[in-house]
Amino acid sequence: MSRYTSATDADRREMLDAIGVGSVEELFRDIPEPVRQREPIAMPDGMAEQDVYDHLRALASRNRDAEQEVTFAGGGMYDHYVPALIDSILQRSEFLTPYTPYQPEISQGGLQVMFEFQTAISELTGLPVANASMYEGPSSVASAGYMARLDNGRSKFVVSRGVHPNSRETLATYAHAFGSEVVEVPLDGRGATHLGALAAAVDDDTSAVILQQPNFLGTVEDLGPLAEAAKRTGAVLVCAVDPLTLGILRPPGEFGVDVAVGEGQSLGNRLDFGGPSFGFYAATEKFLRRMPGRIAGETVDVDGKRGFVLTLQTREQHIRREKATHNICTAQALNALAGVIYLSWLGKRGVVELGELMLRRTAYAREALGAELVNPGPVVREFAIRLPNLDEVCERARAEGINPGHRLRYYYPEYEDCLLVAITERRTRKDIDRLAEIVQGAREEVHA
Amino acid sequence: MRSEAGGRRPENTLTIYEKSREGRRAFVSPELDVPEIPISDLLPSDLLRSEPPELPEISEPEIVRHYNGLSKKNFDLDTGFYPLGSCTMKHNPKLNERVAALPGFSRLHPLQEPQYAQGALELMWRLQRQLSEVAGLPHVSLQPSAGSHGELAGLLLTRAYHEDNGEQRTKVLTPDTAHGTNPATVTMSGYEVVKVGTAEDGGVDLDDLRDKAGDDTACLMLTNPNTLGLFDRNIEEIARIVHDAGATLYYDGANLNAVLGISRPGDMGFDIVHFNLHKTFTQPHGGGGPGAGPIAVSDRIEPYLPRPQVVRREGANGHSEPFFDLDFERPKSIGRLRGFQGNFGVFVRSYAYICSVGGDGLKDVSETAVLNANYLRARLAEPGIAEYLPIAFDRLCMHEFVLSGRGARDKLGIRTLDIAKRLLDHKVHPPTVYFPLLVDEALMIEPTETETKERLDGFADAIREILEEAKEDPEIAKNAPYTTPVRRLDEAAAARHPVVRQARPEAGGRRAEGGAPSATPSPSI
Ligand SMILES: Cc1ncc(COP(=O)(O)O)c(C=O)c1O
């Protein structure tokens, strides 16, 4: 008997009798001999719980996590503080262990959470409708591209090079399947999307224009003129946004963005080496019936009592099958719950205060590091610097238990000696000063 | 958005926005330890937000009460029986949550350099080996985020494979019993769906398959056991037909819980398999995710796997120890399907589960799952039940089975939906209903291995009671449920006049005119 099953020998005998077979093996008689597995599974036998725990703990100890180092790493996921109440609510079995809410009468908790989540995303993005979650950021960008293709049938995506490299690559992966082309718009000398190049790239074949705010380098893009250029030929304007900057940044909905998507990790989700987190998807009214994913809607029951259901399901795979607007089924409900709890915890004031704190600490860090700025324009919590002695800076920082940030060279060969530095509310002035000391120390040695 | 609305509604139906009061808060900002530069000096005014978003203003105790209150309106697996067919609602071991929360995993940044993430990469590598062994296929990518994402990966791989061989194929075959994600994925991948029929015995109709498989066929997507809970006895012949046509054979792994250690998809002839870690490998479903949908593939598909791949390099960098790394140098790769390395926290849980039960335990899992399903099938074939809920295909089943509610409809005047709703009053989650589509009034029942005989008996008793009660008075079932936080909800109205967010006070409800909803109950998965 394995530890999570409970059939005893006596149970087994009784059950086999009721079925009318002599043995458990007989239950598998439909499986043709040649495709039977003859050898036992080549894996060790099960382990005691404490042994599994020790094994996993040993693996965990071979990672350098954000509790063991001072990390300036960002690039799409950030070391923000996750308040304790999120852990406690997410571990409630009533949220942790149900399936997707197919039976609304016994799923009002989950459905109302979705409704509240949709509201929060709609508020942040300044767009009227939002779904209940996507897998994560980059695949949400690709999904927005797919929706644009369904909507206008045009075959070209114009994408800023400031969009997260994972998002651009995911979009290209998806686009290849449905036969769309991806055209990239370069960044200008200040690390912002090149407006002239964008305007030149957009034409009558352009299905969607895809931007990111702030962009991968942390630059706050001047969305007004970009949006105008993007929409000139009627393309769908998609903007990937960092939700935690939207307490202070003007929301995409106010710039004429049609679809705002993004990575939700910074809203109350753990780093988890990249997942699970959640993606979000908000749009203008026009796209309500084309959007991917679950949507909760308000209604009443037979007694007139307020309740919530999954709605507009005629978009979805279980109803429309090959005519569905997307294939997504299981999404990231629990992570979206963390997101809406986080936003309630921050609240209307806190989301602004936190944004302002990041903005000021980031401004301080840009000064303090005293390095050449790759993107000298406005930023919120992330920026790129050029360090001629980058290797040395990284080595010294690591030796002092500091992760200095993400090296841009893999995704951006043009930024070979550049570092992307993220300043969350977890990074204090003291942390920043320590990094500054390392950067300056390394520079002085070069000059000496 | 709150105060007036707040006065009208009973407290227990308020949203968190309606509980907001100006000036309340839970968040206290960390100290400002840098100069207080005016915001307008840091951001140009046309990029600044003019009004804060309407998030709630609420204290920590009230947030906790709000979400605890909501949680009590959910039925969940830790509370009771959840025989939701195709979803494998088995016990989610508590240890998994403890290990997933270890800071070495949960606070690890996704862009951490591999040399500082060896434990995480080794865990992924080990899970890849375990899944490869279970599937009987040599190569694994953990990247896809759920089953449907694995399906997308599978068809992208199929396309890449054919294109690399200079072929353009346009059609993908899916049985009429297929889950909705299969045909939806086909369209999204730029292929055309061709439906294959089901034979008398519940398996693929071989003649129809032979007819439809041709040199324009890219792939056949199949679950085995299929969504009727039946193992397709002709699987070898199916594989032959598909491969002779030059197509790939894709295994939708949603039903893998039936065959662990019993029969491997690779040995059945499948080229590409997805796993639902949130079904077979105990990632809690979270009310609709997170999940993960890793894929396993054969040698000929391997060159196209998504980037990056987790690899083990022997004695690299002058080390005697193996080095675990992310391999981006994959020139034929289909590319990425998402950001970073996949749903790593899910991998931790599934890896802990597989280590806990081990190779011997996995086989016991499937044997017990199939035993439980057949026992429940036998109990529901007893007189007093079978006349009303005949089994769709009268054979031994695997881990699940499908009944038809046509008897209850014709003889008692109650529908499958009514039975499902009446089960709610018995504190049981109903089976999957109205799926698969080819069974009239379908009820798809998957008890899983972690249920006791007593629970299965309790479910059979509940079904019997509901049917007996309906003989007396069908109205009872038709108006059920009675004991749930809300009763039947008006889904048609919700679709006709969608209200999909909390109204702002000044704007009134967000209502849009919509299309007509369908009158017939729809599939529930
Ligand atoms: C047979 C089958 N295939 C595919 C899926 C899709 O899996 P997921 O929900 O993980 O995308 C499901 C589950 O919902 C299923 O039951």
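Thr282(B) sits in the loop between β6 (272-275) and β7 (295-297) of chain B. The structure is a predicted model. Phi of Thr282(B) is near 60°, a positive value in a residue other than glycine. Most residues other than glycine have a negative phi, and most peptide bonds are trans. This briefing covers backbone details, a ligand site, a helix, a sheet and the domains.

**Backbone details in the loops**

- Is Thr282(B) buried or exposed? Its relative accessibility is 1%, so Thr282(B) counts as buried; the cut-off for buried is under 20%.
- Lys427(B) also has a phi near 60°, a positive value in a residue other than glycine. Lys427(B) belongs to the loop between α14 (416-425) and β11 of chain B.
- Going from Asn224(B) to Pro225(B), the peptide bond is cis, with omega near 0°. Pro225(B) is in the loop between β4 (217-222) and α10 (235-244) of chain B.
- A cis peptide bond, with omega near 0°, also links Ala480(B) to Pro481(B). The loop between α16 (474-478) and α17 (491-496) of chain B holds Pro481(B).

**The ligand site**

- Which chains surround the ligand? Chains A and B both supply residues, so the site is shared between chains.
- There are 15 residues around the ligand. Thr330(A), Ser86(B), Asp252(B), His278(B) and Lys279(B) come nearest.
- The shell residues divide into four nonpolar, eight polar and three charged.
- Helix α7 (residues 147-164) of chain B gives the largest share of the shell, three residues.
- Ser86(B) has a polar side-chain atom 2.4 Å from an oxygen atom of the ligand.
- For Ser148(B), a backbone N or O atom lies 2.7 Å from an oxygen atom of the ligand.
- For Asn276(B), an N or O atom in the side chain is 3.1 Å from an oxygen atom of the ligand.
- On its own, the ligand has 390 Å² of accessible area, and the protein covers 100% of that area.

**Helix α8 of chain B**

- Helix α8 spans residues 181-188 of chain B. Seven of its eight residues are buried, so the helix is largely enclosed by the rest of the structure.
- Which residues of α8(B) are buried? They are Thr181(B), Asn182(B), Pro183(B), Ala184(B), Thr185(B), Val186(B) and Met188(B).

**A three-stranded sheet**

- Three strands of chain B form an open sheet, in the order β10-β12-β11, with antiparallel pairing.
- Why does one side of β10 and of β11 (432-433) lack a neighbour in the sheet? Both strands stand at the edges of the sheet in chain B, and each has a single partner strand, so one side of each is left without a neighbour.
- Strand β10(B) pairs with β12 (residues 442-445) of chain B over four bridges, in the antiparallel sense.
- Phe401(B) has Ile445(B) as its bridge partner in β12(B).
- In a regular strand the side chains alternate between the two faces of the sheet.
- In β10 (residues 401-404) of chain B, Phe401(B) and Leu403(B) point one way. Val402(B) and Ser404(B) point the other way. All four of these residues are buried.

**Domains of chain B**

- Chain B is divided into domain 1 (7-73), domain 2 (359-478) and domain 3 (491-525).
- How far apart are the C-alpha centres of domain 1 and domain 2 of chain B? They lie 46 Å apart.

Key:
Residues are numbered from 1 along each chain as its sequence is written. Chains are lettered from A and ligands numbered from 1 in the order in which they are written. This is a predicted model: local features need pLDDT of at least 70, side-chain atom pairs count only at pLDDT 80 or more; totals for chains, interfaces and linings use all residues. Side-chain values use heavy atoms; hydrogens and water are left out. Buried means under 20% relative accessible area, exposed over 50%, partly exposed in between (1.4 Å probe, protein chains only). Helices (H or I, at least four residues) and strands (E, at least two) are DSSP runs, numbered from the N terminus. Two strands pair if DSSP finds at least two bridges between them. A residue is near a molecule or strand if one of its heavy atoms lies within 4 Å of it. A polar contact is a pair of N or O atoms within 3.5 Å; within protein, one must be able to donate a hydrogen and the other to accept it, and residues adjacent in sequence count only if both atoms are side-chain atoms. Accessible areas come from the Shrake-Rupley method with a 1.4 Å probe; for residues, only the protein chains shown count as cover. Ala, Val, Leu, Ile, Met, Phe, Trp, Tyr, Cys and Pro count as nonpolar, Asp, Glu, Lys and Arg as charged, and the others, Gly among them, as polar. Domain bounds come from an automatic or database domain assignment.
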